[in-house]
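Colleague: Please take a close look at one part of this model, the packing of its helices. Go through it step by step and give the cut-offs.

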Amino acid sequence: MFPLTEGTLMKHQLTLALLAVAATSITSQAHAGAVTVLGPGPAQTCYMAADEGLPAADYLSYCSMALASLLSDRDRAATYVNRGVLKLSLNEANGAQDDFNAGLAINDQMGEAYVDRGVTLIVQKRYAEAIADIDKGIALGSKEAHVAYYDRAMADEALGNLQGAYSDYRQALAIEPNFTRASDELKRFKVVTKPSGT
C-alpha cells in the first residue's frame, strides 16, 4: 500500500479502488452510541445497557420506565437516545429514529444523537441525509468520533465516494488506532497514484 503524506497528495492524484465487495451489508456494520445519564435508577440502567451493548430486549423496559418517570430535560433527552440505540440493535430503525428525534426535540446539542440518527438513515439507505446528520454530530463533538467517521465512511462508500470513505476510515483509525472495524475496511482499498496532469 502506498503511504499517504501531505506532500504526496499534493504531487499526485489519488485514485481509490475497492479490492472486494464487503461480505456484510452496510446496515449490519453501522454503530450507534449512548448518551450519559446522571444519577441512579432506570435511566442509568438504560444508559448502561446502550453503552455496553447489553441484550436490548432485556433492558428496553428500563428505558420506558425511566421515560414515564420524572427526569430532567437533559436526562429525558439522553434516555430517548439510549432507548433508540437499543431499538436500533433490535433492527427497529423506525422506532429508533423516532426516539432520536424525540431526544433531539428536547436537546438539539447532543452530537451522539445526530450520529445515531445518521445510522438509522444508513439503514434506510438515505445516505446523503445520513452524512448531513453525522457531519452535525461530529461538529457538536460526538463522544465517539472514531465511530462517527466510520459511519460516515460507510455512507460515503454507498454513494460511490470512495475517496471520502477512505479518508474517513483513516480518520477513524487515527482517532482510535485499535479500532479494528476501520482497519478491516481499509484492507479492502487499493491506493493507486498517478502523476498530476495524466
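Modeller: A crossing is called left-handed if the near helix is turned anticlockwise from the far one by less than a right angle, and right-handed if clockwise. The model is predicted, so local features need pLDDT of at least 70 and side-chain atom pairs count only at pLDDT 80 or more, while totals for chains, interfaces and linings use all residues. Residues are numbered from 1 along each chain as its sequence is written, and side-chain values use heavy atoms, without hydrogens and water.

Helices are DSSP runs (H or I, at least four residues), numbered from the N terminus. In these terms, α5 passes α7 in a left-handed crossing. Their axes, lines fitted to C-alpha atoms over the stretch in contact, lie 10 Å apart at an angle of about 25°. This makes α5 roughly parallel to α7, a label for angles under 35 degrees. Contact means heavy atoms within 4.5 Å; Val 81, Val 85 and Leu 88 of α5 meet Ala 113, Asp 116, Val 119, Thr 120 and Val 123 of α7.

Both helices, α5 (73-89) and α7 (111-123), are among what covers the buried residues of α6. Buried means under 20% relative accessible area and exposed over 50% (1.4 Å probe, protein chains only). In α6 the buried residues are Ala 93, Ala 96, Gln 97, Asp 99, Phe 100, Gly 103 and Leu 104. Seen down the axis of α6, they fall within an arc of 160°, so they line one face of the helix; the arc is taken over directions from the helix axis to the C-beta atoms. Asn 94, Asp 98 and Ala 105 are exposed on the other side of α6.

Definitions and conventions: Helix = DSSP H or I, 4+ residues; strand = E, 2+ residues; numbered from the N terminus. Axes fitted to C-alpha atoms, helices over the stretch in contact; angles between N-to-C directions. Parallel < 35°, antiparallel > 145°, perpendicular 65-115°, else oblique.
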